[in-house]
Amino acid sequence: MFNDIGALEIVTLVVLAVLIFGPDKLPKVIQDVSRTIRKIREFSDSAKADIREELGPEFKDFEFEDLNPKKFIRKQLDNDELGLKEIRNGFDLKKEMNEVADAVHGRESDSSDDSDDSSEAPAALSKGARVDMLKKPAEPKKLDAGDRPPFDADAT
C-alpha cells in the first residue's frame, strides 16, 4: 500500500506527528489509530465471509480482488482457452514495422511472402523514387495594386 514511501517521508511524518500531537499524546494516538485499523480489517473480513456464505458453494472460487478491472482482464487474458498466446506468438511486430518503413521510404520489401503487395504500391513507390513527406507552404498569390487581401472569417 505504501511501497513508494521512502525514509525521508517517514521521518517527515514522524516529526509532523510529534509537532501536532506532542510527545505526551503520541503513544495514545498511535494506539487509537492501530485499533481503528484493526477494527476496519475485522469488519472487512467479516463482510467478505458473509458475502461468500450468502453466495453459496458455486462461487467458492470468487475472489474480491477480481472486482478490480485491471486484475480481472489480466486474469482472463492469461487464461489460454481463447488461444491468445498463439496469436501473440504469430505476430512479428519487428517485421511489420520494417515493411511499413520500407513502403514509406520507397524501398522493396525483403520478405518473400509479401511479394504481391509491391504491385499495389503507388507508382512513385514501386519505381524506387523517394517521397517527400514534408509539408511545404503554398506560395501566396500576388495582389494587384488596388486589390484587397482575401478575407478569412475563421481567422478573425
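This note goes through the predicted model in numbered points, from the overall fold to a salt-bridge network.

1. Basis. The model is predicted, with local features requiring pLDDT of at least 70 and side-chain atom pairs counted only at pLDDT 80 or more, while totals for chains, interfaces and linings use all residues. Residues are numbered from 1 along each chain as its sequence is written, and side-chain values use heavy atoms, with hydrogens and water left out.

2. Overall fold. The chain has 5 helices and 0 strands, in the order α-α-α-α-α along the sequence, where helices (H or I, at least four residues) and strands (E, at least two) are DSSP runs numbered from the N terminus. Of its 156 residues, 6% count as buried, a class defined as under 20% relative accessible area, with exposed meaning over 50% and partly exposed lying in between (1.4 Å probe, protein chains only).

3. Surface and contacts. The accessible surface comes to about 14,700 Å², with 59% of it belonging to carbon and sulfur atoms; areas come from the Shrake-Rupley method with a 1.4 Å probe, and for residues only the protein chains shown count as cover. Among contacts (heavy atoms within 4.5 Å) between residues at least 6 apart in sequence, 8% join residues at least 24 apart.

4. Annotated segment. An unreviewed UniProt entry places the feature "transmembrane region" at residues 6-22; such annotations may be inferred rather than shown by experiment, feature names are shortened, and positions are given in the numbering used here. In the model, residues 6-22 are 94% helix and 0% strand, with the end C-alpha atoms 23 Å apart.

5. Nonpolar patch. Val 11, Leu 13, Val 15, Leu 16, Leu 19, Ile 20 and Phe 21 form a nonpolar surface patch with about 700 Å² of accessible area together. Patches are made of residues with over 30% relative accessible area and no salt bridge, joining like charges within 9 Å and nonpolar side chains (Val, Leu, Ile, Met, Phe, Trp, Tyr) within 5 Å. Val 15, placed in helix α1 (residues 7-55), counts as partly exposed because its relative accessibility is 44%.

6. Salt bridges. The structure holds 2 salt bridges, each requiring a side-chain nitrogen of Lys or Arg within 4 Å of a carboxyl oxygen of Asp or Glu. Asp 32 pairs with Lys 28 at 3.6 Å, N to O, and with Arg 35 at 3.1 Å between the closest N and O atoms, so that Lys 28, Asp 32 and Arg 35 are linked in a network. Within helix α1, Asp 32 and Lys 28 lie 4 residues apart, about one turn. Lys 28 is exposed at 54% relative accessible area, whereas Asp 32 is partly exposed at 29%.
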